[in-house]
Amino acid sequence: MPPLTPTRLSSFSFPHTSPLLHHLLPSTATKPTMSFSSSSSSSPSSLPNQQDPQDQNLSQVLKYHTSTKHHFTRYARGPHGLDWANQPNPFRRYLSSPLLPLLHPTSSPSPLYSSIFTSLPPPQPISISTLSQLLYDSLSLSAWKSTPFSTWSLRVNPSSGNLHPTEAYVISPAINSLSDTAFVAHYAPKEHSLELRAEIPSWVFRDLLPDDSFLIGLSSIFWREAWKYGERAFRYCNHDVGHAIGAVAVAVAELGWDVKILDGLGYEDLEKVMGVGREAHFEIPVRAVKGRFPEMEFEHPDCMMLVFPSGGGRVEVDYEKLRLAVKGFERLEWKGERNVLSKEHICWDLIYRTAEAVKKERDLGEKLVVDEFRSSGCCSEGSYKGFTVREVVRKRRSAVDMDGVTVMERDTFYQILLHCLPSGSGGEQKRQLAMPFRALSWDAEVHAVLFVHRVKGLPEGLYFLVRNEDHFDELKKSMRSSFKWVKPEGCPEELPLYELHRTDCQALAEKLSCHQEIASHGCFSLGMVACFEPLLKDKKVWMYPRLFWETGVLGQVLYLEAHAIGISATGIGCYFDDPVHELLGLQGSNFQSLYHFTVGGPVIDKRIMSLPAYPGPNVDA
């Protein structure tokens with residue numbers, strides 16, 4: 001990265017000759033630093049002893065979020081370089097666990113991508129064929145890439161740095177030709193197979209869960225991301241959980257199924273269901289340290305999702321009965337021992353303290369609410385290229401560069417944003433009713449500030465998409481008074497998109513995104529701005545990772561929309577947090593920027609050869 005200089009965004013008007021852009025350009029040889037020191041990651045004794053536990057947890061989360069911000073003069077703490085000898089194995093395996101092969105549904109029918117935002121097809125029965133298709137189109141390998149010096153895999157679900165901290169589990173009733181009993185299994189994407197972890201009593205599904213339903217659990221191995229990104233990795237792991245939720249939601253819709261996070265279950269319940277809390281407990285050190293910590297490769301259970309037929313009427317889960325049944329999972333015969341991912345590690349203690357703080361307690365008063373499917377708006381169906389769901393999800397790639405020339409039609413831009421709305425068409429935006437956001441169990445909390453560069457018929461400049469209209473007044477009051485807040489020309493009435501300021505903002509977007517040209521060379525880029533501290537105080541700190549999940553689901557839609565119209569996209573985790581807030585005029589921490597993204601015409605590196613996902617080379621990469 002180029003040298004940086006300390007700055008404040010003291011002026012708002014920002015054409016090329018403006019003071020703001022001048023402030024964003026380097027003027028000295030001062031380089032940003034990335035420190036291994038963990039001086040701000042203190043032991044629990046540094047927290048006020050008299051604080052209420054909830055207040056302590058909130059303090060820990062706010063401390064983590066502040067400490068892991070990137071600044072013009074320094075980056076969040078991380079390794080000085082990449083320790084290639086200890087790069088984590090991207091494939092978790094449970095050694096000696098029976099392997100249950102799945103099918104490769106390359107020829108099974110798949111609906112048009114754009115159609116699942118309007119209505120879902122009739123639900124298919126649970127079978128080895130449909131379960132195979134679900135995992136193949138959501139969490140499996142999508143390709144291998146190769147150069148003369150290296151070979152690595154890609155997956156259907158994206159991941160920061162292609163490091164893939166997210167693991168998946170299937171908890172299902174008996175399925176013919178797969179398992180004669182109900183089971184818990186870990187998904188092994190390299191083999192596209194299930195590793196049988198435990199057999200469970202059939203009455204769990206007969207008595208406690210809706211008919212024709214099963215569960216998918218997601219967990220995170222923080223070390224996989226921390227190996228490269230240090231303390232900021234906890235953010236990226238939760239982005240990836242969101243991407244995985246979005247990927248699963250789209251794949252189940254392809255089969256006529258629906259999906260919902262079971263937020264009435266607590267952290268300990270998730271550990272028991274997935275069988276990931278059985279290893280030796282990890283003792284968090286008092287500071288960041290390097291050494292051998294195999295127990296640090298544990299999986300943090302994130303969420304459990306119920307998959308069930310769509311359009312089948314009322315769906316109920318008795319959390320009290322389910323919790324009692326889950327308690328008995330401790331007595332199951334668990335199969336297999338997890339593999340070792342690295343020989344040596346760096347433990348960033350701040351990550352693990354924060355993960356402790358955001359553990360969700362079970363909520364027996366929580367009610368599973370499955371709202372009626374809401375179709376998304378449509379203003380430019382012709383923008384899509386007639387791809388099926390499988391074609392879009394399996395050809396999705398993260399662009400590494402944008403061409404700086406591709407131009408998007410205005411109606412195509414509006415169409416993409418219509419699919420980014422949580423409530424779909426026909427009402428105010430708030431409830432998460434539309435694909436794929438309906439998998440989430442809370443109202444929309446994430447908005448988007450857009451940097452428009454190359455959209456034909458739309459002036460360059462700064463725009464804002466309001467995804468929960470209850471927040472409109474607070475957003476407008478909190479942001480710069482000079483913003484216009486007017487609907488752009490030709491904008492559909494149901495799309496709450498507002499023009500804030502007209503200007504060429506390519507250089508600005510690039511500088512704010514850690515000087516990455518990819519943020520300025522696309523058709524548009526954006527930052528996802530979430531309600532923050534008041535929400536954490538009101539709904540408890542376990543909403544912190546869920547805010548990142550929501551940004552990941554939104555990012556997944558942007559990925560798929562870009563590929564469905566014939567271009568590409570990529571997530572941007574590296575950006576300067578507070579300069580983004582200052583640009584918008586946001587003060588304090590009521591709103592925070594949590595993820596950036598860019599959409600445009602990709603530059604293809606023809607030196608890299610693509611190979612089929614299956615059968616792939618015999619390497620763990």
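This report describes the fold, selected strands and helices, and some backbone details of a predicted model.

## Basis of the model

The model is predicted: local features need pLDDT of at least 70, side-chain atom pairs count only at pLDDT 80 or more, and totals for chains, interfaces and linings use all residues. Residues are numbered from 1 along each chain as its sequence is written, and side-chain values use heavy atoms, with hydrogens and water left out.

## Overall fold

The chain contains 16 helices and 22 strands. Helices (H or I, at least four residues) and strands (E, at least two) are DSSP runs numbered from the N terminus. The radius of gyration is 23 Å, close to the 25 Å that the globule rule gives for 621 residues, so the chain is as compact as a globular protein of that length. This radius is taken over C-alpha atoms, and the globule rule is 2.2 Å times the number of residues to the power 0.38. Along the principal axes, the C-alpha atoms fill a box of roughly 70 × 55 × 55 Å.

Of the 621 residues, 62% are buried. Buried means under 20% relative accessible area, exposed means over 50%, and partly exposed lies in between (1.4 Å probe, protein chains only). Among contacts between residues at least 6 apart in sequence, 82% join residues at least 24 apart; a contact means heavy atoms within 4.5 Å.

An open sheet is formed by 3 strands in the order 4-3-22, with antiparallel pairing. Strand 4 (151-155) and strand 22 (609-611) are at the edges, each with a single partner strand, so one side of each has no neighbour in the sheet. From one strand to the next the twist averages 30 degrees. Two strands count as paired if DSSP finds at least two bridges between them.

Strand 3 (residues 141-146) is joined to strand 22 by 3 bridges in the antiparallel sense, and tryptophan 144 stands opposite leucine 611 there. Strand 3 also pairs with strand 4 over 5 antiparallel bridges, with lysine 145 opposite tryptophan 152. Strands 3 and 4 form a hairpin with 4 residues between them.

## Strand 19 and its partners

Strand 19 (residues 524-531) is mostly covered, with 8 of its 8 residues buried. It pairs in the antiparallel sense with strand 15 (residues 446-452) over 7 bridges, where valine 449 has glycine 527 as its bridge partner. Strand 19 also pairs with strand 21 (residues 591-600), again antiparallel, over 8 bridges. In that pairing phenylalanine 524 stands opposite valine 599.

## Helices

The axes of helix 5 (residues 222-229) and helix 9 (residues 349-357) come within 11 Å and cross at roughly 145 degrees. Axes are lines fitted to C-alpha atoms, for helices over the stretch in contact, and angles run from 0 to 180 degrees between N-to-C directions. Phe222, Trp223 and Ala226 of helix 5 meet Ile351, Tyr352 and Ala355 of helix 9. The residues of this contact divide into 6 nonpolar, no polar and no charged. Ala, Val, Leu, Ile, Met, Phe, Trp, Tyr, Cys and Pro count as nonpolar, Asp, Glu, Lys and Arg as charged, and the others, Gly among them, as polar.

Helix 16 (residues 577-584) is mostly covered: 7 of its 8 residues are buried. Among them are Asp577, His581 and Glu582. Just after helix 16, glycine 585 has a positive phi of about 85 degrees.

## Backbone details

Most residues other than glycine have a negative phi, and most peptide bonds are trans. Methionine 435 and proline 436 are joined by a cis peptide bond with omega of about -15 degrees; proline 436 lies in the loop between helix 11 (410-418) and strand 15. Another cis peptide bond joins tyrosine 614 and proline 615, with omega of about -10 degrees, and proline 615 is in the segment after strand 22.

Asparagine 162 has a positive phi near 55 degrees. Its place is the loop between strand 4 and strand 5 (166-172), and at 29% relative accessibility asparagine 162 counts as partly exposed. Histidine 515 has a positive phi of about 65 degrees and is found in the loop between helix 13 (506-512) and strand 19. At 10% relative accessibility, histidine 515 counts as buried.
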